[in-house]
Amino acid sequence: MAAATSSSISFPTKPSSSKSPLPISRFSLPFALNPNKSSSSSSSSRRRGIKSSSLSSISAVLNTTTNVTTTPSPTKPTKPEKFISRFAPDQPRKGADILVEALERQGVETVFAYPGGASMEIHQALTRSSSIRNVLPRHEQGGVFAAEGYARSSGKPGICIATSGPGATNLVSGLADALLDSVPLVAITGQVPRRMIGTDAFQETPIVEVTRSITKHNYLVMDVEDIPRIVEEAFFLATSGRPGPVLVDVPKDIQQQLAIPNWDQAMRLPGYMSRMPKPPEDSHLEQIVRLISESKKPVLYVGGGCLNSSDELGRFVELTGIPVASTLMGLGSYPCDDELSLHMLGMHGTVYANYAVEHSDLLLAFGVRFDDRVTGKLEAFASRAKIVHIDIDSAEIGKNKTPHVSVCGDVKLALQGMNKVLENRAEELKLDFGVWRNELNVQKQKFPLSFKTFGEAIPPQYAIQLLDELTDGKAIISTGVGQHQMWAAQFYKYKKPRQWLSSGGLGAMGFGLPAAIGASVANPDAIVVDIDGDGSFIMNVQELATIRVEQLPVKILLLNNQHLGMVMQWEDRFYKANRAHTYLGDPAQEDEIFPNMLQFASACGIPAARVTKKADLREAIQTMLDTPGPYLLDVICPHQEHVLPMIPSGGTFNDVITEGDGRTKY
């Protein structure tokens, strides 16, 4: 069955000798798609059902650490090590064992799986695997968010497993989040036996139907013989093109059925393969370079699609001198502390980033989707500029804003091509945007990101500034959703891609703590900090138990203002400060901190401390960082703080708010 995809570019039958191999993924694949599967081009060709001439390009991409090579012709992949099964070739084994071995053959080392009646066969099989570690979450939503944190921080697909019924439906928020933020995810769910499907059996939900519109593709396995093919397709779909979540629903009787697997089945994705994007044409790239040379005020608008292209983006900026504004999802694709960085644009972006877009004459939109939180009023967004849009998903091009020039393809490949043109024509072009950069520097000096201090109270922005200083901007940061999320985006200076993990498109509260678990598992030597709010934190507070049991050194910087901060800010600004259920403390004891987050940590054996005065904050954060293992620091902040700047929803640059807080009436 062919998977639906929004790409609309045909797949060439023969790679050009003058071009790089075909782009496969918007994100990096820092692993071989089938690292243990040994096959020749001819046998792969028979399995995949495509021409061997095309396959040389595909396999070169899938088995190297980047989407493309810098040499003009494809490089041959290193022959992967032959997979050694624990079963004899002709030995029957349960469908669950076939499923687990299929994961092993995809190079899976970690899953986030919570057992139940319909998935216990899979868990039994996992105990027989010597190469897959299960990190046991305490809630299925914690499991899927942890799988997302693993994927976002590593570039590898995240794997989560849940049982049927409520276990499967608890994955829904994570699947929707992964789709909106283009995160490669494979979710496996148990299902009631085939004969009971449709009978309203105990813990039966039609999860394929439930998730159809929030996954890139999904499967209901009805034949045990299909497991090897379906798992291979699921990983290919999740990681290729525009990444996303794929769900595989496996009935319990399929898990229990004995079979001898055929590992050499061809993938059946002819429609999807036919729409894989081509390399960008040289004429289009030269046209973009010409527009740059004619421009006086260009600006780069980069998003999550550039996370795998940070080196190429850096070289492009070095060659052109064009300032860079990033979306929330694109933070880290270009160093935030660089002089050409305008930091984040959009609703809570910097004044100077939004000024740059407002006054630009050329907007280079790379790996972005013109989200409403960036554009505000669409008609007024970049109204003076010619727009160049490069994205791997053809559905995004022209969806919200019509570009003057568009390229549907891999941003990495397009940047490499443009860099080559710029290098060859450097003397001829002599690009100089110094006057424009000086104009923006005036705005930077006039409207810096700032905050006010009131007595001994701790400004939440200051806490993040200190964390940035004490970690030298090198920590992996996860967040929940709300005011703390925006402050973490504004005041931590991300230097590399995949340092910043946040629920962007869906805005799912409760994301921060489990995402930090996934990031810590994927990056055991990294400093991982969950910057969270009290509202978001408590939504998945049970994952403290996972952190303790798995001995993960996750640090939690809890910005606790006793309120649902972002909704409260809108109440202050637009509803005359009328509190409509945004106070999260105990109304009977407003002078006390409720709930006591330190006791949650204590119940799970995690060291914790509370800080209430600005003068004590530096030492408290340093103690958190110096303490081995996990640590929770409860930072009590005033609830009157507002995230500024702010462009109201549907507004324009002229509507930007730069002053005020909850201490003022509006």
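How many salt bridges does a search of the whole structure find? The search gives 35, and the points below, which concern a predicted model, take up some of them together with the sheet and a surface patch.

1. Arginine 86 and glutamate 104 meet through their side chains in a salt bridge, at 3.2 Å from N to O. The pair links distant parts of the chain, 18 residues apart, with arginine 86 in the loop between α2 and β1 and glutamate 104 in helix α3. Arginine 86 is partly exposed at 35% relative accessibility, whereas glutamate 104 is buried at 7%. Both belong to a network of salt bridges that also includes Asp97 and Arg128.

2. Glutamate 396 and arginine 242 form a salt bridge whose closest N and O atoms are 2.8 Å apart. Because glutamate 396 lies in the loop between β13 and β14 and arginine 242 in the loop between α9 and β7, the pair ties together parts that are 154 residues apart in sequence. Glutamate 396 counts as buried at 7% relative accessibility, and arginine 242 is buried too, at 16%.

3. Six strands make up an open sheet with parallel pairing, in the order β3-β2-β4-β5-β7-β6. Strands β3 and β6 stand at the edges with a single partner strand each, so one side of each has no neighbour in the sheet. Helix α5 (residues 140-154) packs on the sheet, touching β2, β4 and β5, and its direction makes about 170 degrees with that of β4.

4. Leucine 220 is placed in strand β6 and is partly exposed, at 35% relative accessibility. With Ile197 and Met222, Leu220 forms a nonpolar surface patch that has about 230 Å² of accessible area together.

Conventions: Residues numbered from 1 in each chain as written. Predicted model: local features only at pLDDT ≥ 70, side-chain atom pairs only at ≥ 80, totals over all residues. Heavy atoms only, no water. Patch = residues over 30% accessible without salt bridge, like charges linked within 9 Å, V, L, I, M, F, W, Y side chains within 5 Å. Areas by Shrake-Rupley, 256 points an atom, 1.4 Å probe, with all protein chains shown as cover. Salt bridge = Lys/Arg side-chain N within 4 Å of Asp/Glu carboxyl O. Helix = DSSP H or I, 4+ residues; strand = E, 2+ residues; numbered from the N terminus. Buried < 20%, exposed > 50% of the residue type's maximum accessible area, 1.4 Å probe, protein only. Pairing = 2+ DSSP bridges. Contact = heavy atoms within 4.5 Å. Axes fitted to C-alpha atoms, helices over the stretch in contact; angles between N-to-C directions.
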